[in-house]
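Subject: Structure for you to look at

Hi,

Here is the structure I promised to send over. My notes on what turned up follow below it.

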Amino acid sequence: MTNYRILFYGFVAIVIATLLLLLYVDRSVTIKKRVFRVRGSEEGISELKLLIHVRNGTRRMLEHVRVIDIMTMMVELTQELSTLKPDKIQQGTRSMRLIWDITSIAPHEERVITYKVKARLHIAGQVMLPPVSLHYMHGNTLMSVRSAPVTYRA
């Protein structure tokens with residue numbers, strides 16, 4: 001007779017650990033960046049739409065929220081801003097920084113920021129965009145969350 005108790009307890013432990021991990025991820029502050037191709041030609045990409053998705057999964061209000069996105073000088077910002085206009089656009093020699101200041105984000109609220117960029121040159125192959133960062137105050141502590149860098153294949 002085979003004893004399956006150890007296998008059963010192992011399975012139950014894996015299920016409980018998975019549920020706890022999902023609960024922890026669901027209750028965190030997240031930021032994601034996605035890229036969509038808007039216009040292209042046979043030579044490559046000419047226009048991209050970027051989407052920044054901010055999610056407050058916690059039970060507390062986020063105060064003094066700042067979203068910072070860095071764009072390389074290979075692209076230029078178009079005038080077509082769908083949702084929120086950036087509060088500041090800082091131009092550098094090799095990059096451009098877009099800054100959105102949001103006063104607060106309520107518990108379980110989500111914000112979506114979209115904008116379009118136009119390539120100065122036709123981009124063929126793979127495009128690597130830097131991550132977007134989110135800064136907010138938690139009491140007297142400045143918290144920071146970053147998205148993953150975005151890779152787009154043309």
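**Strand pairing**

Glu63 stands opposite Met137 in S9. That pair belongs to strand S3 (residues 62-72) and strand S9 (residues 133-138), which run antiparallel over four bridges. Two strands count as paired if DSSP finds at least two bridges between them. S9 also pairs with strand S10 (residues 141-146), again antiparallel, over six bridges. Here Tyr136 has Met143 in S10 as its bridge partner. S9 and S10 make a hairpin with two residues between them. Gly139 sits in that turn, with a positive phi of about 70°.

**How to read the numbers**

The model is predicted, so local features need pLDDT of at least 70 and side-chain atom pairs need pLDDT 80 or more, while totals for chains, interfaces and linings use all residues. Residues are numbered from 1 along each chain as its sequence is written, and side-chain values use heavy atoms, with hydrogens and water left out.

**Overall picture**

The chain has one helix and eleven strands. Both are DSSP runs numbered from the N terminus: helices are H or I with at least four residues, strands are E with at least two. Of the 154 residues, 34% are buried. Buried means under 20% relative accessible area, exposed means over 50%, and partly exposed is in between (1.4 Å probe, protein chains only).

**The core**

The largest nonpolar core holds 29 residues. Such a core is a set of buried Ala, Val, Leu, Ile, Met, Phe, Trp, Tyr and Cys residues joined through side-chain atoms within 4.5 Å. Those with the most contacts inside it are Ile52, Val67, Met71, Tyr115 and Leu134. Strand S6 (residues 95-105) gives the largest share of this core, five residues. Leaving aside residues up to four places away in sequence, Val67 has contacts (heavy atoms within 4.5 Å) with residues including Ile31, Ile52, Trp100 and Leu134.

**Arg111**

Arg111 lies in strand S7 (residues 110-123). Is Arg111 buried, exposed or partly exposed? Arg111 counts as partly exposed because its relative accessibility is 24%. Arg55 is 56 residues away from Arg111 in sequence, yet their C-alpha atoms are 6.5 Å apart. Beyond four places in sequence, Arg111 touches Ile52, His53, Val54, Ile102, Ser104 and Ile105. A polar atom of the Arg111 side chain lies 3.4 Å from the backbone oxygen of Ser104.

Best wishes

Technical notes. A polar contact is a pair of N or O atoms within 3.5 Å; within protein, one must be able to donate a hydrogen and the other to accept it, and residues adjacent in sequence count only if both atoms are side-chain atoms.
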